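Subject: Structure handover

Hello,

Here is the structure for you to look over. My notes follow below it.

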Amino acid sequence: MTTLQGRRAVITGGGTGIGLACARDIAAQGAEVILMARNLERLQQAASEISGARAVQLDVTEDASVEAAFTEAREGGTIDILINNAGIAAASAFHKTTIEEWRRIQAVNVEGLVRCSLAVVDDMRKADYARIVNIASIAGLRGGAYISPYVASKHAVVGLTKSLSLEYAHTQLTVNAICPGYVDTAIVDNSIANIMAKTGRSREEALAELTKNNPQGRLITPEEVAEAVTWLCSPLSASVSGQAIMVSGGAI
Ligand code: NAP
(Lines give C-alpha, C1' and ligand atoms only; values in the text may rest on other atoms or scores of the structure.)
Protein backbone atom coordinates (compact mmCIF):
# COMPACT_ATOMS: atom_id res chain seq x y z
CA MET A 1 0.00 0.00 0.00
CA THR A 2 1.31 3.47 -0.86
CA THR A 3 -0.17 5.71 1.81
CA LEU A 4 1.68 8.89 0.79
CA GLN A 5 0.83 8.98 -2.92
CA GLY A 6 0.59 12.58 -4.16
CA ARG A 7 2.37 14.02 -1.11
CA ARG A 8 5.53 16.09 -1.29
CA ALA A 9 8.14 15.61 1.46
CA VAL A 10 11.26 17.62 2.31
CA ILE A 11 13.94 15.80 4.27
CA THR A 12 16.77 17.97 5.62
CA GLY A 13 20.06 16.14 5.88
CA GLY A 14 18.47 13.74 3.39
CA GLY A 15 21.66 12.60 1.68
CA THR A 16 23.06 10.46 4.48
CA GLY A 17 22.23 8.29 7.50
CA ILE A 18 18.80 8.61 9.06
CA GLY A 19 17.65 11.26 6.56
CA LEU A 20 18.47 9.07 3.57
CA ALA A 21 16.68 6.09 5.14
CA CYS A 22 13.63 8.33 5.72
CA ALA A 23 13.75 9.57 2.13
CA ARG A 24 13.82 6.01 0.78
CA ASP A 25 11.00 4.87 3.05
CA ILE A 26 8.74 7.87 2.44
CA ALA A 27 9.33 7.59 -1.33
CA ALA A 28 8.42 3.89 -1.14
CA GLN A 29 5.04 5.03 0.20
CA GLY A 30 4.50 7.04 -2.98
CA ALA A 31 5.56 10.55 -1.93
CA GLU A 32 7.77 12.82 -4.02
CA VAL A 33 10.84 13.43 -1.87
CA ILE A 34 13.15 16.44 -1.90
CA LEU A 35 16.52 15.87 -0.25
CA MET A 36 18.22 18.93 1.22
CA ALA A 37 21.68 19.46 2.73
CA ARG A 38 24.91 21.37 2.05
CA ASN A 39 26.77 18.71 0.05
CA LEU A 40 24.95 18.89 -3.30
CA GLU A 41 26.99 16.19 -5.03
CA ARG A 42 26.18 13.66 -2.30
CA LEU A 43 22.52 14.68 -2.37
CA GLN A 44 22.31 14.28 -6.15
CA GLN A 45 23.86 10.84 -5.92
CA ALA A 46 21.35 9.82 -3.25
CA ALA A 47 18.41 11.33 -5.17
CA SER A 48 19.41 9.51 -8.35
CA GLU A 49 18.74 6.22 -6.59
CA ILE A 50 15.24 7.16 -5.39
CA SER A 51 12.37 7.27 -7.87
CA GLY A 52 11.24 10.85 -8.53
CA ALA A 53 13.53 12.37 -5.89
CA ARG A 54 15.07 15.84 -6.20
CA ALA A 55 18.19 17.31 -4.58
CA VAL A 56 18.20 20.92 -3.36
CA GLN A 57 21.17 22.55 -1.65
CA LEU A 58 20.46 23.94 1.81
CA ASP A 59 22.39 25.31 4.74
CA VAL A 60 19.92 25.46 7.63
CA THR A 61 22.03 28.12 9.37
CA GLU A 62 21.57 30.66 6.56
CA ASP A 63 18.32 32.62 6.11
CA ALA A 64 18.87 33.16 2.38
CA SER A 65 19.72 29.52 1.77
CA VAL A 66 16.57 28.30 3.55
CA GLU A 67 14.39 30.78 1.68
CA ALA A 68 15.87 29.81 -1.70
CA ALA A 69 15.71 26.07 -1.03
CA PHE A 70 12.10 26.06 0.12
CA THR A 71 11.03 28.35 -2.72
CA GLU A 72 12.57 25.85 -5.14
CA ALA A 73 10.97 22.92 -3.32
CA ARG A 74 7.53 24.54 -3.56
CA GLU A 75 7.71 24.87 -7.35
CA GLY A 76 4.77 22.94 -8.72
CA GLY A 77 3.07 22.28 -5.39
CA THR A 78 3.05 22.76 -1.66
CA ILE A 79 5.13 20.83 0.84
CA ASP A 80 3.03 18.37 2.84
CA ILE A 81 5.72 16.76 4.96
CA LEU A 82 8.84 18.22 6.60
CA ILE A 83 11.36 15.91 8.23
CA ASN A 84 13.67 18.13 10.28
CA ASN A 85 16.62 15.77 10.38
CA ALA A 86 19.74 17.90 9.72
CA GLY A 87 21.86 17.90 12.84
CA ILE A 88 25.37 17.85 14.24
CA ALA A 89 26.89 16.46 17.42
CA ALA A 90 30.07 17.07 19.37
CA ALA A 91 31.49 15.78 22.62
CA SER A 92 33.67 17.47 25.21
CA ALA A 93 33.67 18.25 28.91
CA PHE A 94 31.40 21.18 29.74
CA HIS A 95 34.29 23.14 31.31
CA LYS A 96 36.12 22.95 27.97
CA THR A 97 33.11 24.04 25.91
CA THR A 98 33.48 27.41 24.23
CA ILE A 99 30.54 29.69 23.58
CA GLU A 100 31.34 29.40 19.85
CA GLU A 101 30.95 25.60 20.04
CA TRP A 102 27.68 26.01 21.94
CA ARG A 103 26.38 28.40 19.27
CA ARG A 104 27.53 26.15 16.40
CA ILE A 105 25.41 23.26 17.68
CA GLN A 106 22.34 25.35 18.55
CA ALA A 107 22.58 27.09 15.15
CA VAL A 108 22.06 23.82 13.29
CA ASN A 109 20.02 21.69 15.68
CA VAL A 110 17.66 24.36 17.01
CA GLU A 111 17.71 27.53 14.90
CA GLY A 112 18.04 25.53 11.67
CA LEU A 113 15.01 23.45 12.58
CA VAL A 114 13.04 26.59 13.46
CA ARG A 115 14.01 28.25 10.15
CA CYS A 116 12.88 25.24 8.10
CA SER A 117 9.65 24.93 10.10
CA LEU A 118 8.87 28.61 9.61
CA ALA A 119 9.38 28.13 5.87
CA VAL A 120 6.47 25.66 5.67
CA VAL A 121 4.18 26.18 8.64
CA ASP A 122 2.00 28.91 7.20
CA ASP A 123 0.99 26.67 4.30
CA MET A 124 0.75 23.64 6.55
CA ARG A 125 -1.62 25.20 9.06
CA LYS A 126 -4.10 25.84 6.24
CA ALA A 127 -3.74 22.44 4.56
CA ASP A 128 -6.04 19.43 4.82
CA TYR A 129 -3.03 17.23 5.65
CA ALA A 130 0.44 18.17 6.94
CA ARG A 131 3.21 16.59 8.99
CA ILE A 132 6.35 17.83 10.70
CA VAL A 133 8.59 15.15 12.17
CA ASN A 134 11.63 16.34 14.12
CA ILE A 135 14.56 14.00 14.59
CA ALA A 136 15.45 14.73 18.19
CA SER A 137 17.32 12.11 20.24
CA ILE A 138 17.13 10.15 23.43
CA ALA A 139 19.39 13.05 24.49
CA GLY A 140 16.30 15.23 24.16
CA LEU A 141 14.70 13.38 27.06
CA ARG A 142 17.58 12.76 29.48
CA GLY A 143 20.93 14.21 30.44
CA GLY A 144 24.23 13.03 29.03
CA ALA A 145 27.73 13.69 30.31
CA TYR A 146 30.20 15.31 27.89
CA ILE A 147 27.53 16.24 25.34
CA SER A 148 25.72 19.08 27.13
CA PRO A 149 25.30 21.45 24.12
CA TYR A 150 23.86 18.56 22.08
CA VAL A 151 21.58 17.49 24.95
CA ALA A 152 20.35 21.06 25.41
CA SER A 153 19.69 21.38 21.67
CA LYS A 154 17.66 18.18 21.53
CA HIS A 155 15.68 19.13 24.67
CA ALA A 156 14.83 22.33 22.80
CA VAL A 157 13.64 20.26 19.83
CA VAL A 158 11.35 18.21 22.07
CA GLY A 159 10.00 21.38 23.72
CA LEU A 160 9.35 22.98 20.34
CA THR A 161 7.61 19.83 19.15
CA LYS A 162 5.20 19.84 22.08
CA SER A 163 4.49 23.56 21.80
CA LEU A 164 3.87 23.55 18.05
CA SER A 165 1.67 20.50 18.42
CA LEU A 166 -0.56 22.37 20.85
CA GLU A 167 -0.49 25.56 18.81
CA TYR A 168 -1.68 23.81 15.65
CA ALA A 169 -3.92 21.19 17.25
CA HIS A 170 -6.99 22.83 15.70
CA THR A 171 -5.49 22.28 12.22
CA GLN A 172 -4.59 19.15 10.24
CA LEU A 173 -0.87 19.63 10.98
CA THR A 174 0.70 17.19 13.42
CA VAL A 175 4.13 17.79 14.94
CA ASN A 176 6.05 14.93 16.51
CA ALA A 177 9.61 14.04 17.47
CA ILE A 178 11.49 10.79 17.14
CA CYS A 179 14.10 10.19 19.82
CA PRO A 180 16.60 7.57 18.72
CA GLY A 181 19.35 6.03 20.81
CA TYR A 182 22.71 5.54 19.08
CA VAL A 183 22.14 4.82 15.38
CA ASP A 184 24.67 3.33 12.97
CA THR A 185 25.56 6.50 11.00
CA ALA A 186 28.45 8.92 10.42
CA ILE A 187 27.68 10.75 13.67
CA VAL A 188 28.33 7.56 15.62
CA ASP A 189 31.45 6.79 13.55
CA ASN A 190 32.77 10.19 14.63
CA SER A 191 31.83 9.54 18.27
CA ILE A 192 33.69 6.22 18.21
CA ALA A 193 36.78 7.88 16.70
CA ASN A 194 36.55 10.63 19.32
CA ILE A 195 36.36 8.15 22.22
CA MET A 196 39.30 6.19 20.79
CA ALA A 197 41.41 9.34 20.39
CA LYS A 198 40.58 10.78 23.81
CA THR A 199 40.71 7.58 25.89
CA GLY A 200 43.02 5.23 24.00
CA ARG A 201 40.28 2.58 23.90
CA SER A 202 39.91 0.12 21.03
CA ARG A 203 37.10 0.42 18.48
CA GLU A 204 35.21 -2.45 20.14
CA GLU A 205 35.54 -0.82 23.58
CA ALA A 206 34.39 2.53 22.23
CA LEU A 207 31.39 0.91 20.54
CA ALA A 208 30.54 -0.94 23.77
CA GLU A 209 30.54 2.41 25.59
CA LEU A 210 27.86 3.67 23.19
CA THR A 211 25.71 0.53 23.16
CA LYS A 212 25.78 -0.17 26.90
CA ASN A 213 22.66 1.92 27.53
CA ASN A 214 20.69 0.15 24.81
CA PRO A 215 19.02 -2.88 26.46
CA GLN A 216 19.28 -4.71 23.12
CA GLY A 217 23.05 -4.08 23.24
CA ARG A 218 23.47 -2.85 19.68
CA LEU A 219 23.31 0.18 17.45
CA ILE A 220 19.90 1.00 15.98
CA THR A 221 19.68 0.98 12.17
CA PRO A 222 18.64 4.09 10.20
CA GLU A 223 15.85 2.01 8.66
CA GLU A 224 14.36 1.33 12.09
CA VAL A 225 14.18 5.07 12.72
CA ALA A 226 12.72 5.70 9.26
CA GLU A 227 9.95 3.18 9.90
CA ALA A 228 8.71 5.23 12.86
CA VAL A 229 9.01 8.49 10.90
CA THR A 230 6.99 7.14 7.98
CA TRP A 231 4.29 5.88 10.32
CA LEU A 232 3.94 9.39 11.80
CA CYS A 233 3.44 10.67 8.23
CA SER A 234 0.66 8.24 7.42
CA PRO A 235 -2.91 9.58 7.19
CA LEU A 236 -4.03 7.29 10.00
CA SER A 237 -1.55 8.79 12.47
CA ALA A 238 -3.56 12.03 12.47
CA SER A 239 -4.41 11.76 16.15
CA VAL A 240 -0.76 11.36 17.19
CA SER A 241 0.79 14.78 17.84
CA GLY A 242 3.17 16.35 20.34
CA GLN A 243 4.84 13.01 21.01
CA ALA A 244 8.52 12.32 21.57
CA ILE A 245 8.78 8.68 20.56
CA MET A 246 11.89 6.73 21.55
CA VAL A 247 13.46 4.34 19.09
CA SER A 248 16.01 3.14 21.55
CA GLY A 249 16.19 -0.64 21.79
CA GLY A 250 13.92 -0.56 24.82
CA ALA A 251 15.76 2.11 26.81
CA ILE A 252 13.17 4.00 28.87
P1 NAP B 1 24.59 12.23 9.53
O2 NAP B 1 24.62 11.17 8.50
O3 NAP B 1 25.83 12.96 9.86
O4 NAP B 1 23.45 13.26 9.11
C5 NAP B 1 23.43 14.62 9.41
C6 NAP B 1 22.93 15.34 8.18
O7 NAP B 1 22.73 16.72 8.48
C8 NAP B 1 23.92 15.27 7.01
O9 NAP B 1 23.24 14.79 5.87
C10 NAP B 1 24.38 16.71 6.81
O11 NAP B 1 24.58 16.96 5.42
C12 NAP B 1 23.20 17.48 7.38
N13 NAP B 1 23.59 18.80 7.89
C14 NAP B 1 24.51 19.08 8.84
N15 NAP B 1 24.64 20.40 8.97
C16 NAP B 1 23.77 20.97 8.10
C17 NAP B 1 23.45 22.30 7.75
N18 NAP B 1 24.05 23.35 8.34
N19 NAP B 1 22.51 22.53 6.81
C20 NAP B 1 21.91 21.48 6.20
N21 NAP B 1 22.17 20.20 6.47
C22 NAP B 1 23.10 19.95 7.41
O23 NAP B 1 24.07 11.63 10.91
P24 NAP B 1 22.65 11.03 11.35
O25 NAP B 1 22.93 10.18 12.51
O26 NAP B 1 21.90 10.48 10.22
O27 NAP B 1 21.92 12.34 11.91
C28 NAP B 1 20.64 12.75 11.52
C29 NAP B 1 19.89 13.31 12.73
O30 NAP B 1 19.67 12.27 13.67
C31 NAP B 1 20.62 14.42 13.48
O32 NAP B 1 19.70 15.44 13.83
C33 NAP B 1 21.11 13.71 14.74
O34 NAP B 1 21.27 14.59 15.83
C35 NAP B 1 19.98 12.74 14.96
N36 NAP B 1 20.31 11.59 15.81
C37 NAP B 1 21.34 10.76 15.47
C38 NAP B 1 21.64 9.69 16.30
C39 NAP B 1 22.77 8.73 16.01
O40 NAP B 1 23.17 7.99 16.92
N41 NAP B 1 23.27 8.67 14.78
C42 NAP B 1 20.89 9.47 17.46
C43 NAP B 1 19.85 10.35 17.77
C44 NAP B 1 19.57 11.41 16.92
P45 NAP B 1 25.67 18.02 4.88
O46 NAP B 1 26.91 17.82 5.67
O47 NAP B 1 25.78 17.72 3.42
O48 NAP B 1 25.05 19.38 5.11
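Start with strand 6: eight of its eight residues are buried. Keep in mind that this is a predicted model. L173, V175, A177 and C179 point one way from strand 6. T174, N176, I178 and P180 point the other way, and they are buried too.

Now its partners. Strand 5 runs parallel to strand 6, joined by six bridges. R131 has T174 as its bridge partner there. Strand 5, helix 5 (residues 148-167) and strand 6 form a right-handed β-α-β unit. Strand 7 also pairs with strand 6 in the parallel sense, over four bridges. In that pairing, C179 stands opposite M246 of strand 7.

The whole sheet is open, with seven strands in the order 3-2-1-4-5-6-7 and parallel pairing. Strand 3 (54-57) and strand 7 (244-247) are at the edges; each has a single partner strand, so one side of each lacks a neighbour in the sheet. On average, neighbouring strands are turned by 20° against each other, direction ignored.

Further along, strand 1 (residues 8-12) and strand 4 (residues 81-84) run parallel and share three bridges. V10 pairs with L82 in strand 4.

Two helices to check against the sheet. Helix 3 (residues 63-73) lies across strands 1, 2, 3 and 4, at about 160° to strand 3. Helix 8 (residues 222-233) packs on the sheet and touches strands 4, 5, 6 and 7. The direction of helix 8 makes about 165° with that of strand 6.

Best wishes

Key: Residues numbered from 1 in each chain as written. Predicted model: local features only at pLDDT ≥ 70, side-chain atom pairs only at ≥ 80, totals over all residues. Heavy atoms only, no water. Pairing = 2+ DSSP bridges. Axes fitted to C-alpha atoms, helices over the stretch in contact; angles between N-to-C directions. Contact = heavy atoms within 4.5 Å. Buried < 20%, exposed > 50% of the residue type's maximum accessible area, 1.4 Å probe, protein only. Right-handed = clockwise from strand over helix to strand, strands pointing away.
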